[in-house]
Structure formats: C-alpha cells, structure tokens
Amino acid sequence: MPDTLLFALEAAANGLTAGVMYALVALGFVLIFKASGIFNFSQGVMALFAALTLVGLQTGQIPFSHLINAMFGTRLHHFGWTLPTLVAIAGTVVVMVAFAWLVERLIFRHLVNQEPIILFMATIGLAYFLEGLGDIMWGAEVKRLDVGIPQGMSPVVDDVTYAWFGYGFYMDTLELWAALIAGVLVLSLILFSQYTKQGRALRAVADDHQAALSVGISLRFIWVLVWSLAGIVALVAGMMWGAKSGVQFSLSLIALKALPVLILGGFTSIPGAIVGGLIIGVGERLFDFFMGPIIGGATENWFAYMLALVFLLFRPQGLFGEKIIERV
Amino acid sequence: MLDTQPEGYTTADGRKIGGVVMEMKNITLRFGGVVAIKDISFDVREGEIRAIIGPNGAGKSSMLNVISGFYHPQEGEVWYKGARRPRMRPYQVARQGIARTFQNIALFEGMSVLDNIMTGRLNHMKSGFFSQALWWGPAAKEEAENREKVEKVIDFLEIQHIRKTPVRRLPYGLKKRVELARALAAEPSILLLDEPMAGMNVEEKEDMSRFVLDVNDEFGTTIVLIEHDMGVVMDLSDRVVVMDYGKKIGDGTPDEVRSNEEVIKAYLGVSHD
Amino acid sequence: MIYREAGDFKTTYAADNQTFPIKGDRYAYYLVLALALGVMPLIITDYWTNAIIIPFLIYTIAALGLNILIGYCGQLSLGTGGFMAVGAYASFKLMTAFPELSIVFVVLLAGLCTAAVGVAFGLPSLRIKGFYLAVATLAAQFFLIWLFTRTPWFFNYSPTGMISAPTRTVFGYAVTGPRASAVSMYLFCLAFLIGLAWLARNLTRGTLGRKWMAIRDMDIAAEIIGVNPLIAKLSAFAVSSFYVGIAGALLFVVYLGSVEAGEAFGITVSFLVLFMVIIGGLGSILGSFLGAFFLVVGPVLLKILLVDNLRWSSDLAAHLEIMIIGLLIIVFLVLEPHGLTALWRTIKEKLRLWPFPH
C-alpha cells in the first residue's frame, strides 16, 4: 500500500475518535431536543462544567474558594482529602441532576410556549452563566483529570496494523477507551428508552407533547429527566476530553462542532448524531490531510461548518430526518 | 347550466355577474401516495361569490392552496383572466391580484393592526430602497396615500378602535376581521376566504357574513370561500362546488346542490362504496 | 404633568407616522442630539472616550445591524464577528491600496464589501431557518476568521499577521492612527452612528421594514400576501452586514488601530453583539442603543468596582462578568423578552398616566 494512503488511513482512524467526542456532545443535544424542542447550546459548557466538578471533587477543592478568599481575605484552597474516582463521579452525577432540576424549575418552566429561537437564546445565556460559574466555583486554570484510564500509544493497534500493513498506526489507548465507553453509553441509553417505564414516557413525549400530557405523563419530570441524562452524557464527554487534553475552556468550543454534526445527522436522531459525529471527525482530518498543505492548514476550524452548510442546501432535513411538508 | 351564458347573468337580487375570470382545469394534487385532489375542474365568474364546501379532509384547503400558488398540482391547469397561468410562487400569484385569508389565522403577531393591514398594500407600494432609506418625498408621500386607503378599509370593517393595538392582544373574532382587512387592503380581483366563520359564535358569524356580502357588493370583488357550515354557505353564495375525498361531487347554485343525490349522501354520512 | 399624549392631536397621516409622535419624546430627542453634538465634545476625557464612549458608539452600530437581521427579519446570525472582520480587513486593504481615498468613503466601501459577503452567506436562509441558519452563520464566522489569519494577502504579508491603520484625516483632523484626538474620533464615529440610526429608522418603518417583519412573524403567510422572500431576506442580510461591516471598520481604524482577526473578531464578539440586541430589545432601534450601552458600561463599572476598589484579581472579575451577563440574558428572556426597551416603555406608560393612574 502506498505511504500516503496509509497516513491518510491513520489520520482517518484518529479522526474517528474525535468524531466520538462530537457524537457524544451531539447525543446530549438530541436527547433534549427530542423531548422538549429546546436546542441546548450549553451542552458543551455542561461537559466542561461536569469535568471541572469531577476534578474539583476528586482533588477535594473547596468550591468558590477564590471568591471567598477575595471577599473575606481568607486563604482557602482544599479540604485536604482526595476522593476515589467512583465516588467523585457519583457526586458529579448528583450535581448534574441538581443542575437539571434547577434549569427546569428556574428557566424553562417560565419559557413554555415561547418561540424556539427565544429558548435557543436562553440556552446561550445559560452557557455563559455556567461557564462563569464553573470558573468561579473551581478556578479557571487548566486541570489534569485522571480517572484511571490508561494513556499513551496503544500497543495492540500498533501490532495489528503493523501485521496487516507493515506500518504501525499510532493511536492513543485513551481514545479506544473513549470509543468503547461511548458505545456502552449509547447502548444503555437505547435500552433505557426501550425497556423502562420512564424511557417509554420519554419516547411518548418526543412523539407528541399534548398526547403524552393527556395520558398523564408529567412533562416537568420528563424535562428534568432528559436534562439529567444530557448532564450525564456531558460528564462522560467531559471526562474523555479532560483526560486527553486537560480540563479547559477549549472543551466548550469543541462542543460547538456538535452543531454541524446535528445538521448532518438530523436533530432528532440518535443514530444520526453518532454517524454525523464520525463523518465530521473523519472528514475534517482527511480534508486537512489532503487540502491543509495546499490552502494553509488548520482547516478543521471551519470544515465541519462548511460541510454542514453545503449539506443544508441539498438536504435541509439531515441524513435521518423526515422531509417536512409545509402547511398553512 | 351557467356555461351557456358566457357573458354572465343577473342574480335573483339583481347583482350583475360577469364572465369567467378563473378556471381550474382537471387539477390533480398528490402528496406522496395520498391523492388530495383528484381531477377537479370548476370556474369562477367575475363578481360572484363562489363557495367550495365539503366535509373535513375533502381537499378544500388544498384547492385554495393550489389557487394561491402554495401547492403545485401534478396535473391540470389554472387559467386566470383568459390566459394559462404558468407555475408561480405564491408572492407572484398575490401580485396578480389574488388575496386570501387563512383557516388558522396567519397574521403577523409582532406587528400592530395598522401595520398588518399596511402589509396588504405592499404590492401597491413602489418606492425604491434609497427613497425609503432617506424617507424622501416619494416614500413618505406613498406611505400617506396608502395609509388613507387602509383607513378606509379600517372604517369599513369597523376596527378603528384597535388600530394601534398589537395583533397578539386581540381576541379571535377580531383577528379574523383584521385578517380580512389585510386581504381587502390589497384591493384584490379575487378574494379567497378559508373558513371565514370557523370557530365563531352566531353573532360573529352574522357580522362576518354581512362583511362578505358588503365587500362583494361595494367593491364588486369576486370571492371564493371555503366553509363546512352548509347553512351559511347556502345563504351567501351564488354557486357552490362540493368536494368529498378529493373529488368533485356537485357544482351549481345552492338549490341545485341541495337536491344533488351525492351531496346528500356525503353530508348525511351514507357509507361510501 | 409634562409628559402628555392627550391634547397632542394629529391632523395628517404624516404627523401620525413620525418617529416620535409624542411631543415630550421629540424634545427629549432633540436635547440628546444637542448634548451629543454640542456639549459632549467639550467635556470628554481620553479615558472615558476610550473606555466607554467610542466602543459604545461602534457597538451600537453593530447592534443596529444585527437587530435589523434578528429583531426585524427574524434571521438568527452568530457570524457578526466574522462580518465585522470583513469590514476591518476591507478598510485596511482599501486604505493601503488607495491612500488618497477619504476615510469616510473607505468606511462606507468596507460596509458595502461586507454587505456583499453577508448576502453570500445569507443565501442559505432561503432554504433553512432558525438554528439551522445559526449553524450556517457559524460557518461564516469560522471560515472568514480562518481566511483572514491564513491568507497573507489580506494583511499585506506583514510578519506579525496583524493589520494596522495608518493615519487619515477628515477636514484636516486626524481620526485614525496615533495622532487622532479623542474629540475627533468621537465626532467621526458619532456622525456614522447618527446617519445609520436615522437610515435604520426609515427603513424599518416603511414598506421594506414591514416586509422584514412579515417574514419574521410568519414567513409562509408573508409569501402568500406577496412578499418575495428572496428579496426580503437578502436585503435584510445586506443592510445588516453593511452596518456590521461599518462597525468592524470603525472598530479597527478608530478604536483598536491594529488588529488580529482571531483576537478582535472571534465568536465571543458575535455573542456580545447578540446579547446587546437581546438585552436592549429585539426589533427596536432604541433597544440597540440601550443594549450596547448596558454591555459596554456594565463591565467597565464592574471592573472599577471589583478590581480597582476591592482589589479582586481581574480573572475573577472577568468570570463574574460572564456569569452575570449570562444570568441577565436568561432573566431578560424570562421576565421581559422585549428587553430594556419594554421596561422603558412601561415606565413611560406609567408616566403618561401619572399622577392619576386610574
């Protein structure tokens, strides 16, 4: 096999793992959008916030210590203990569920029946608020997140690809784990929505709000539920990305890329979110691999959006969405 | 039959009805596999009140949407003012002098009543971009002239008191009236009314019927209306098309339609073969 | 007792159509105009000019532009930063390529270039709506910034990748470059703002404005009553981008002086202007002023309070700032979706009835 093709393949394989990240964030979007019609711009910041909280709990940081220190001249930093990873994760889940409850209670309960664009802008406000809150609560410096997943080059991939192509691909073990965990997450979400009472209620609401209300499903409960699920998905995404490149603000920018992913996959399709994420992850690496040297590199800044734009012009309903018939 | 009177006729109450102004020829409209309208033809004469009636789902609204260019039929032709109408976008149809109202009121909720009705004048206002931007002579003058016309419509429909109220604050019945005002402001040759009485109480229905008759009488506007309330339709209209399951099952004066076997069947709910 | 509507009868439709139908408003407007043109130039200091006044004037222009697009025409854009960058780089290229060209024309032409780019990126709006369009405008944002940072032609092959505005004069007074005085910069920006605000008011109260609002409120119905959606949407994109482009050009030539696209016109700028429009009031000219004022002055005051007086770290103050902004956006959307303008209107309603509210 010619070398260029091999390098391209390696780039594509690495893109696949970035794609898993995008897919995870997009998955959070889809969950909320299906159940409430809210396009949650803050999904990415939720991932950042979850990761910050996880690190904070794990390392025993005192929340708001910077603020308290500034206000009262104290010098608080840490409680002085560290929590086991699993306990910290459980604690973060509790925080994300509480967050979901507050969001429903304080924001969206008051915005029922508003136009989608108003709801969308409210989530942009929420994103800003949450970003500021995360920084004030846990400090803004880049943090290392260690949840016990092995890192570094994966010898297995190296060996296998060497045996097949005579060239060992470089791939991070962490990214393989990320893909695996994402897969498990998606599978359990599907099982949850298919085989539990709450899951069935969720699907009912996604299908028809009014009909669901009339058979006695509590919309508020469902909203809290989906925001909690989205919070947990965000936690997984934040954990993966945080373990790879540290917990930092760029995480919420990565999440912006979930928007084009959704355009490709359709706003209401879980498989769409995953396929869309992978297409964008692989596409932007390949595009940069081939076109970067010619037109100047760093094309992954915009490639996803442009791809979505072109796609929109030809298939506005997305890969898996249904064609919309307009009525008056 | 009326087709034998190409020059028009005079109604019982002495109104003069002219020649054919619009004709639908063999219209068929499908959505995927569903046939909404099947091979329907009828004509509309100048100055008459033409009703399309039929049970829910008969394809009446689809027919109106075909006339206003929102749906494009797979087969058939629309003839307007003696010429075949090419495939047009809705705004082009509007510019030909066809205005309409909607079943589920389609007013611009964020604007005042006055502004809503002023949008009806859009196709009569020609001042250019720069003239508007600088609010120079032509634009300001045009605005005042059209405002005058709009005020006449406002007087006619007796909605002076809500002129500056935002539309979203109005009750349903008034919204319907404002919508009619917007359509009238366009000074259309043909006015399409999609269930103008739907959801109204008896009093409001009477008001609306009076307005429809007055519009026709005073401005000589041709009116095509959809209703499923038989009573109202029979009193108002000169000729009636009856639709059921996308097909035309009757066409004629209210009396002719009333005695039509198939129409009776459709309305009394006799089972279809 | 001074602010009264009663007794102020209109005898012509033109009088009823004017911008400030109530006498009290009209006089207040003349007063503000007189203060801005006559008194302000005499009393402004360099600090206030740079910290508040110039950014306020420039961001108001951008907010006016975005408000035309979102508030009047209902087309959501997250690409404001990118379009401002087009204005900035267009003015840079024009200034360096035609040194003789008056800076007034440079800024106007930069606005026109941006309008053209805006129309190009507005084309998808004919097929897509809402968040879909938001993503399309994000494409504009990221692509344009990438283009300006990666294509050396745009920054005249300068080794730093930055663009710098040379000195240009109007009537012999420098308005750009290091020699420009606070007063001349102020008057230069103010002139643009007054002109553009007046144009925006005229456009939005006439036929074109009604077409935009019709598209915003119900696009299908608008088309059926005779609005050509192509022309309505693209004209909104063109006008909006013209304003945003001028704001970008002024931000570069007058305020910042030298600029790197990614830093000065990143996505945060897009959000900042969007927030100004939301907080000020969607679909309101006055709202654009209020929103820009609020978001320009607010952070400065916060910084003065926290950093200069309480000695907090500027990092902490910055985080508190974005938290407060986010919170305000939510509070406004929940309590007063029409923004500061609506609050202002409520106060006026009360005043109109005062002192006999019943």
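Predicted model: local features only at pLDDT ≥ 70, side-chain atom pairs only at ≥ 80, totals over all residues.
Trainee: Why is A:Phe29 called buried?
Mentor: A residue is buried if 20 or more other C-beta atoms lie within 10 Å of its own, exposed if 12 or fewer, and partly exposed in between, with C-beta atoms placed from the backbone. A:Phe29 has 26 C-beta neighbours inside 10 Å, so A:Phe29 counts as buried. A:Phe29 lies in helix H1 of chain A; helices (H or I, at least four residues) and strands (E, at least two) are DSSP runs, numbered from the N terminus.

Trainee: Which residues is A:Phe29 in contact with, leaving aside its neighbours within four places in sequence?
Mentor: Two residues are in contact if their C-beta atoms, placed from the backbone, lie within 7 Å. For A:Phe29, these are A:Asn40, A:Gln43, A:Ala258 and A:Leu262.

Trainee: What makes the crossing of H1(A) and H2(A), and what is its handedness?
Mentor: The axes of helix H1 (residues 3-36) and helix H2 (residues 43-59) of chain A come within 9 Å and cross at roughly 115°. Axes are lines fitted to C-alpha atoms, for helices over the stretch in contact, and angles run from 0 to 180 degrees between N-to-C directions. The crossing is right-handed; a crossing is left-handed if the near helix is turned anticlockwise from the far one by less than a right angle, and right-handed if clockwise. A:Val25, A:Gly28 and A:Phe29 of H1(A) meet A:Gln43, A:Gly44 and A:Ala47 of H2(A).

Trainee: How are the residues of that contact classed?
Mentor: Three are nonpolar, three polar and none charged. Ala, Val, Leu, Ile, Met, Phe, Trp, Tyr, Cys and Pro count as nonpolar, Asp, Glu, Lys and Arg as charged, and the others, Gly among them, as polar.

Trainee: How do you know that the span of H10(A) is close to the one expected?
Mentor: The expected span of a helix is 1.5 Å times one less than its number of residues. Helix H10 (residues 219-245) of chain A has 27 residues and reaches 38 Å from its first C-alpha to its last, close to the expected 39 Å.

Trainee: Why is H10(A) called largely enclosed?
Mentor: Of its 27 residues, 21 are buried, so H10(A) is largely enclosed by the rest of the structure. After H10(A) comes A:Gly246, whose phi is positive, near 80°.

Trainee: What makes E11(B) and E12(B) a pair?
Mentor: Two strands pair if DSSP finds at least two bridges between them. Five bridges join strand E11 (residues 239-244) to strand E12 (residues 247-252) of chain B, and the two run antiparallel. B:Asp244 has B:Lys247 as its bridge partner, and B:Val240 stands opposite B:Gly252. The two strands form a hairpin with two residues between them, and B:Tyr245 in the turn has a positive phi of about 45°.

Trainee: Where do E4(B) and E7(B) stand in their sheet, and why is one side of each without a neighbour?
Mentor: The open sheet has four strands in the order E4-E3-E6-E7 (chain B), with antiparallel pairing. Strands E4 (34-45) and E7 (83-84) of chain B stand at the edges with a single partner strand each, so one side of each is left without a neighbour in the sheet. E6(B) (residues 75-80) and E7(B) pair over two bridges, with B:Ala83 as the partner of B:Tyr80.

Trainee: Which strands edge the six-stranded sheet of chain B?
Mentor: The order is E8-E9-E10-E5-E11-E12 (chain B), with mixed pairing. E8 (98-100) and E12 of chain B are the edge strands, each pairing on one side only.

Trainee: How many residues of chain A are in contact with chain C?
Mentor: 42 residues of chain A are in contact with 36 residues of chain C. H5(A) gives the most to this side of chain A, with 17 residues.

Definitions and conventions
Residues numbered from 1 in each chain as written. Chains lettered and ligands numbered in written order.
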